[in-house]
Amino acid sequence: LPTASGLAEMGAHWIHGPSPGNPVFRLATRYGLLGPEAAREENQRTEAGGHPPPPSVTYGSSGRALSPQAVSEAHDLFDTLLASVRAFRGAEEPPAPSVGQYLRAEIARRVPALGGGDEDARRLRLAVLATCLKLECCISGTHSMDLVALEPFGEYVSLPGLDCTFPGGYSGLPDRMLSALPEGAVLLNKAVRTIRWKGSFREEGDEARDFPVRVECEDGDTFLADHVIVTVPLGFLKEHHQDFFQPPLPEWKAEAIRRLGFGTNNKIFLEFERPFWEPQQQLLEAVWEDESPLEEPSADLEANWFKKLIGFVVLQPPEQHGHVLCGFIAGKESEYMETLSDAEVLGTMTRVLRTLTGNPRLPAPRSVLRSRWHSAPYTRGSYSYVAVGSSGDDIDVLAQPLPEDPQDPRPLQLLFAGEATHRTFYSTTHGALLSGWREAERLNQLFETPSPAPRF
């Protein structure tokens, strides 16, 4: 989305793990869409673990930059604990149902040693750990890490590579892919009301051939098909699968849709006349010093929603973007933010930045722009996670085509793709891309199978 002076990505932001194993990175490289930095060999080998660039400065709610030593101690502890979560993959009896409960128990065990026994130092480290958990909520697209299942958490695969962005915007990639297709092959702004399957539909005036699937659009147009690949987000399926498909999906498929997690992660872009941050800064992290991961956060969204914000990524380089900060916020607080006016969000962000920097005269941003993924009727959130009570098997079930009988005379009427159908790369653009290729390949295989020779 072009803003006053540059580009703001409302959706996907980074290529997570830009290295040869990532098809988004391979295509972007082939099309020449990345800057020279991204292609460097050493960048492709860096193990970033899917996290944004290291924080350059961490501000506390007392209005000062926090001690880098205290911050990195807390971050290192959190990273160690998070890495240990992966060990429970396949465990018969994991120590807790959720990632959040496990992390909190481990943090509680280490409390006496935190900050070398000094009470203030310990409190500060706990506050930084609370921010680490909020960042993890953004990465997982969830309201709380207590909703994210512990045992399957390690199935998600992080690719190596220093996360990078598209200088010309992420949309350059689909644009290049679309340019290879015949003119008019893609119809946009064509909302689908119902997908009827297991049917016998005919074109008017063509009685010779019938189709098992009919796609009915909101504007009354219909399309007949042998096969439909459904890529709508899991959030939309959760809300509408009962009426979106006729007949409804089988219960085993509906169950997987219900069990898997789908939450909200939003961005708040703030554009400034001039920067108040240092030129090389990548991230301004926000820590509320009275918070602790061991205490329940306030449920009063109106008063405290902004405390869920993890801080702001600096959009680099300023020559391209202007002086823009991009805040990230997940969960219920993020959904509450969507209900506020631009003026309210801008006012609150100005107050937050004045509090964090300790500068009551910090100039207000000149404009604000934010995503609203929860309110968007066809997404209803951002991306999927494996919730408590579900497992990676549910992702595979979601990916299974219908009808389920491979011997059905009309096979593969409904195929399912999208990030929520990729067991190891869910929540990512490369997972979404691979899932689409997977379903296209499934159809290729069907078309390539020689049909049995006719018997006379």
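Four helices, α4 (99-110), α5, α9 (301-304) and α11 (331-338), each contribute at least two residues to the lining of the second largest pocket. Please bear in mind throughout that this is a predicted model. Which helix gives the largest share of that lining? It is α5, with four residues. The pocket itself holds about 710 Å³ of space. Its lining comprises 26 residues, and those closest to the centre are K134, E295, E296, P297 and S298. Sorted by class, the lining of this pocket has eleven charged, nine nonpolar and six polar residues.

Let me stay with helix α5, which spans residues 119-140. One of its residues is R122. Is R122 buried or exposed? Its relative accessibility is 16%, and buried means under 20%, so R122 counts as buried. What does the side chain of R122 reach? It comes to 3.3 Å from the backbone oxygen of P112.

One joins Q246 and P247, with omega at about -5°. P247 sits in the loop that runs between β9 (245-246) and α8 (251-259). Another cis bond leads from L402 to P403, where omega is near -5°. For P403, the setting is the loop between α13 (392-399) and β17 (414-416).

K198 is not a glycine, yet its phi is positive, at about 55°. This lysine lies in the loop connecting β3 (192-196) and β4 (201-202).

On the chain, R380 belongs to the loop between β15 (367-370) and β16 (383-385). With a relative accessible area of 23%, R380 is partly exposed, because that class covers values between the buried limit of 20% and the exposed limit of 50%.

R122, in helix α5, is buried at 16%, whereas R380, in a loop between two strands, is partly exposed at 23%.

Terms used: Residues are numbered from 1 along each chain as its sequence is written. This is a predicted model: local features need pLDDT of at least 70, side-chain atom pairs count only at pLDDT 80 or more; totals for chains, interfaces and linings use all residues. Side-chain values use heavy atoms; hydrogens and water are left out. Buried means under 20% relative accessible area, exposed over 50%, partly exposed in between (1.4 Å probe, protein chains only). A polar contact is a pair of N or O atoms within 3.5 Å; within protein, one must be able to donate a hydrogen and the other to accept it, and residues adjacent in sequence count only if both atoms are side-chain atoms. On a 1 Å grid over the protein atoms alone, a cavity is a set of points where a 1.4 Å probe fits but cannot get out, and a pocket is an open set with protein on both sides within 12 Å along at least five of seven lines; lining residues have an atom within 4 Å of a point. Grid points are joined across faces, edges and corners, and a volume is the space filled by probe spheres set on the points. Ala, Val, Leu, Ile, Met, Phe, Trp, Tyr, Cys and Pro count as nonpolar, Asp, Glu, Lys and Arg as charged, and the others, Gly among them, as polar.
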